[in-house]
Amino acid sequence: DSPSLPVRPPVLCAGCPHRASFYAVKKAMEGRKSYFCGDIGCYTLGNAMPLDMVDTCLCMGAGVTMAQGFHWVDKEAVCFAFIGDSTFFASGMTGVVNALYNEADMILCVLDNSTTAMTGHQPHPGTGRNMMGDVVAKVSITKILEGMGVQKVVTVDPLNLQESVETVRECAALPGVKAIIFKSPCVAITKPQGKMKIGESCIGCKKCIREIGCPAIVVKDGQVTIEEGLCTGCGLCSQICPVHAIGGACHE
């Protein structure tokens, strides 16, 4: 006689910087034909609505090689490869070398959340700790890319929506291999305490729900509201609200 369990599809965490990265690329590419090649990691969940930003997902590192493949069959489109910082070290670098050597046009988006989030937050060469927990020198993704020959490498905070969108548009206008490092820590390891609130000026358009699909934004009794137990105060929703009805403590 027990009630059926509610449907809970996999979703990016509330406040996950990957959501902001995907959304920035999506907004920047509105009206332009683009291919969004994904990879294995938390960010694979960017395939779900409303983001709908992962066209392909095969294996670790395949997003980088598939993006350059799409360039050769459709040179009018903008080709993106999304890869996490951990996966970049594991199997992404060889694909970047191939893209450079064969002069492909693509934008590499490194979603750097400073951990291996999907499988238990193991350290990787960019975290500054080795497998024994010792503090060691970090390996710089930026320096690796520059050493390979990537001429345009930009680091941006994905939670700054306007700057992120402008960066994507700038890179999309350039030839060759470009790299954007979307750098913002995983909310599971930083535990931010900020909270966003919806004010009385809310017009109920639900754009904050339709556009980014954050699980902390819900509808209760016909009113859009924010679940304080889930919200991390990342501030992405406040940047897309058309009437600026969302405010509060932003991401720390």
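**Note on strands, helices and salt bridges**

1. Start with strand β3. Seven of its seven residues are buried, so β3 is largely enclosed by the rest of the structure. Keep in mind that this is a predicted model.

2. Which way do the residues of β3 point? Met106, Leu108, Val110 and Asp112 point one way, while Ile107, Cys109 and Leu111 point the other way. All of these residues are buried. In a regular strand the side chains alternate between the two faces of the sheet.

3. Now look at the partner strand. β2 and β3 run parallel, and five bridges join them.

4. Helix α3 covers residues 85–101. Where does α3 bend? The bend is at serine 91, and it is about 70 degrees. Trace the helix through that residue on the model. After α3 comes glutamate 103, whose phi is positive, near 60 degrees.

5. Next, the buried residues of α3. They are Asp85, Ser86, Thr87, Phe88, Phe89, Gly92, Gly95, Val96 and Ala99. What do they pack against? Their partners include two helices, α2 (62–73) and α4 (141–148). The buried residues of α3 also pack against the strands β2 (78–84), β3 (106–112) and β5 (177–183).

6. Helix α5 passes a simple length check. At 1.5 Å a residue, its twelve residues should span 16 Å. The end C-alpha atoms of α5 are 17 Å apart, which agrees.

7. Which residues of α5 are buried? They are Leu161, Ser164, Val165, Thr167, Val168, Cys171 and Ala172. These residues cover an arc of only 160 degrees around the axis, which puts them on the same side of α5. The buried residues of α5 pack against α1 (17–28) and α8 (236–240), and against the strands β2, β3, β4 and β5.

8. Turn to the charged side chains. How many salt bridges does a search of the whole structure find? The search finds seven. Three of them are described in the points below.

9. Glutamate 170 forms a salt bridge with lysine 152, and the closest N and O atoms are 2.6 Å apart. The pair links distant parts of the chain: glutamate 170 lies in helix α5 (residues 161–172) and lysine 152 in strand β4 (residues 152–156), 18 residues apart. Are the two residues buried or exposed? Glutamate 170 has a relative accessible area of 40%, so it counts as partly exposed. Lysine 152 is partly exposed too, at 22% relative accessibility.

10. Glutamate 30 forms a salt bridge with lysine 27, with the closest N and O atoms 2.8 Å apart. The cut-off for exposed is over 50% relative accessible area. Glutamate 30 has 52%, so it is exposed. Lysine 27 has 22%, so it is partly exposed.

11. Lysine 220 and glutamate 227 make another salt bridge, with their side chains meeting at 3.1 Å, N to O. Lysine 220 is partly exposed, with a relative accessible area of 43%. Glutamate 227 is also partly exposed, at 27% relative accessibility.

Notes. Residues are numbered from 1 along each chain as its sequence is written. This is a predicted model: local features need pLDDT of at least 70, side-chain atom pairs count only at pLDDT 80 or more; totals for chains, interfaces and linings use all residues. Side-chain values use heavy atoms; hydrogens and water are left out. The bend at a residue is the angle between axes fitted to the seven residues ending there and the seven starting there. Helices (H or I, at least four residues) and strands (E, at least two) are DSSP runs, numbered from the N terminus. Buried means under 20% relative accessible area, exposed over 50%, partly exposed in between (1.4 Å probe, protein chains only). Contact means heavy atoms within 4.5 Å. A salt bridge is a side-chain nitrogen of Lys or Arg within 4 Å of a carboxyl oxygen of Asp or Glu. The expected span of a helix is 1.5 Å times one less than its number of residues. The arc is that of the directions from the helix axis to the C-beta atoms. Two strands pair if DSSP finds at least two bridges between them.
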